[in-house]
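Subject: Structure for your files, with notes

Hello,

Here is the structure I said I would pass on. Please look through it with the notes below beside you.

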Amino acid sequence: MPAEILNSLYRQVTGSSPVKTTELTGSGSNRRYYRLEGPDGTYIGVIGESVEENKAFIKLANRFADRGLSVPRVVAVTPDRNAYLQEYLGDTLLFDEIANGRLTGSFSNSEKRLLRETIRSLADIQYRGAEGLDFNVCYPLPEFNRRTVMWDLNYFKYNFLKLSNIPFNESLLEDDFERLADYLLEEPYTTFMYRDFQSRNVMIKNGKPWFIDFQGGRKGPAHYDVASFLWQAKANIPAELREELIDEYLESASKYADIDTDAFRSRLQHIVLFRLMQVLGAYGFRGLFEKKLHFLESIPPALIKIKELMAANDFSRYPTLLNVLNRLADKFIPSGDAPDHLIVTVRSFSYKRGIPDDISGNGGGYVFDCRGLHNPGRYDEYKKLTGMDAPVIRFLEARGEIGPFLEHCFALADSSVEVYTRRGFTSLTIDFGCTGGQHRSVYCAEKMAEHLSHKYGVDIKLQHREQHVNKRYTTLGQFIVEDD
């Protein structure tokens with residue numbers, strides 16, 4: 001009973017029982033997270049299946065906290081190390097705080113400030129966190145080595161390259177893999193490599209970045225985390241801003257070491273190539289093998305980044321790899337950017353965070369304001385639910401006001417879909433907003449997507465921005481839930 005175990009840890013720390021224990025969504029596959037709230041404070045409880053991984057996080061977290069780094073301290077642990085309680089950092093992810101920039105590629109000053117502070121603080125974790133650290137506490141391996149490099153390169157080969165049916169000379173490709181591994185490992189590394197450094201693993205507390213989920217870290221190249229963060233597909237950081245953030249990182253890291261900035265940037269490009277190949281391995285497995293649409297759609301942007309990287313750098317030491325990557329790009333990158341059929345994007349959003357931008361560039365569509373409808377969020381029993389949950393659906397439909405509202409919305413949308421289809425237009429956006437982007441707007445967006453799919457069979461992208469939920473209705477009537 002996870003809740004009972006964590007409640008016991010809460011009592012151990014505070015002397016009282018929590019008033020409320022809530023399981024959180026979106027955790028890792030082998031860990032479950034809970035928020036425990038009570039009069040004596042709020043904490044995060046973790047149930048982890050891997051004891052060794054738990055031990056690594058507990059030791060690293062408390063050691064980093066002792067050194068003044070911005071990480072949650074672990075305050076209580078069960079004797080078997082299967083569960084622990086850590087400090088609560090709030091519920092705000094950097095990923096959410098830079099949402100507008102991620103979607104548009106144009107980051108506001110406040111978003112840039114958070115990115116700058118995060119990349120500067122990365123250097124503190126890497127250098128100050130590594131001082132005197134016994135890397136044997138790291139799991140599953142204490143350092144970035146040839147075995148881990150070859151694992152990732154072969155992950156790309158078997159889960160992406162071979163599934164793409166591109167012919168290649170495996171022996172010559174393995175020679176290039178060996179040369180890339182030699183280059184990546186030719187320098188000794190003393191820094192802590194976070195390994196999964198990305199915007200979902202950064203919390204914003206009192207306007208400052210705090211760091212979580214570093215249990216997979218080990219001794220390794222500092223460049224790896226810079227590559228992971230700045231070339232993360234979902235971050236959508238433009239090249240000019242990326243260069244500014246590299247400068248910020250190097251300035252911060254120079255407090256700890258004498259860094260040849262030109263050499264750092266040169267080596268960084270090879271690690272970016274390595275990291276993007278690793279990402280393609282994941283996209284290949286989840287997209288080409290498991291047939292998940294979101295990952296299939298992520299392949300062309302990743303290959304575009306690789307093509308840009310190859311055009312800007314001398315990777316001639318890897319001739320077979322370059323040939324393979326160019327042929328993969330020719331296969332997966334569309335020859336034209338414009339779709340050949342109408343795609344309707346239906347979104348829900350919170351007015352508190354602003355109306356979503358039109359990323360298609362066409363500047364058309366509808367924005368419907370749902371705030372005139374009665375709000376389920378006023379009632380405690382619905383506060384943790386969304387417009388996709390049956391109790392909220394029943395609440396909204398029982399009042400009788402949402403039906404007529406949607407009929408008017410449907411009529412306007414129908415007229416545009418019919419005209420756009422007849423005239424060969426390829427993009428229409430329909431947005432529904434409410435106060436929190438959780439109940440009314442979510443329900444209305446769901447109903448609009450269902451209506452247009454059933455009536456016209458058009459290709460529909462359904463996005464609930466505040467819930468981080470993406471769905472797809474294809475022209476074949478297929479319904480797909482995408483990973484955010």
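Predicted model: local features only at pLDDT ≥ 70, side-chain atom pairs only at ≥ 80, totals over all residues.

The open sheet

Five strands make up an open sheet, in the order β1-β2-β3-β5-β4, with antiparallel pairing. At its edges are β1 (20–23) and β4 (74–77), each of which pairs on one side only. On average, neighbouring strands in this sheet are turned by 25° against each other, direction ignored. Within the sheet, β3 (residues 41–48) and β5 (residues 83–87) run antiparallel and are joined by 5 bridges. Tyr43 has Glu87 in β5 as its bridge partner.

Two helices go with this sheet. Helix α1 (residues 2–14) packs on it and touches β1, β2 (31–38), β3, β4 and β5. The direction of α1 makes about 50° with that of β5. Helix α2 (residues 51–66) lies across β2, β3, β4 and β5, and runs at about 145° to β4.

The β7–β8 hairpin

Strands β7 (residues 202–205) and β8 pair in the antiparallel sense, over 4 bridges. Together they form a hairpin with 2 residues between the strands, and Asn206 in the turn has a positive phi of about 55°. Ile204 has Pro209 in β8 as its bridge partner.

The side chains along β8 (residues 208–211) alternate. Pro209 and Phe211 point to one face and are buried.

Two single residues

Is Ile460 buried or exposed? This residue lies in strand β13 (residues 459–464). Its relative accessible area is 0%, so Ile460 counts as buried. Leaving aside neighbours within four places in sequence, Ile460 is in contact with Val344, Val346, Ala449, Leu452, Ser453, Lys471, Arg472 and Tyr473. Ile460 and Val344 are 116 residues apart along the chain, while their C-alpha atoms are separated by 4.8 Å.

Arg423 lies in helix α14 (residues 402–423). Its relative accessible area is 59%, so Arg423 counts as exposed. From C-alpha to C-alpha, Arg423 and Ile271 are 47 Å apart in space, and 152 residues apart in sequence.

Salt bridges

How many salt bridges does a search of the whole structure find? The search gives 35. Some of them are described here.

Glu251 and Arg120 meet through their side chains in a salt bridge, at 3.2 Å from N to O. This pair links distant parts of the chain, with Glu251 in helix α9 (residues 239–253) and Arg120 in helix α5 (residues 109–128), 131 residues apart. Glu251 is exposed at 51% relative accessible area, whereas Arg120 is partly exposed at 25%.

Helix α9 also holds Asp247, which is paired with Arg265 in helix α10 (residues 261–289), 18 residues apart. The N to O distance in the Asp247–Arg265 salt bridge is 2.4 Å. Asp247 is partly exposed, with a relative accessible area of 43%.

Glu290 and Arg286 form another salt bridge, at 2.8 Å from N to O. Both ends are partly exposed: Glu290 has 33% relative accessibility, and Arg286 has a relative accessible area of 25%. Elsewhere, salt bridges that share partners join Lys157, Lys162, Glu170 and Glu174 into one network.

Regards

Notes: Residues numbered from 1 in each chain as written. Heavy atoms only, no water. Buried < 20%, exposed > 50% of the residue type's maximum accessible area, 1.4 Å probe, protein only. Pairing = 2+ DSSP bridges. Axes fitted to C-alpha atoms, helices over the stretch in contact; angles between N-to-C directions. Contact = heavy atoms within 4.5 Å. Salt bridge = Lys/Arg side-chain N within 4 Å of Asp/Glu carboxyl O.
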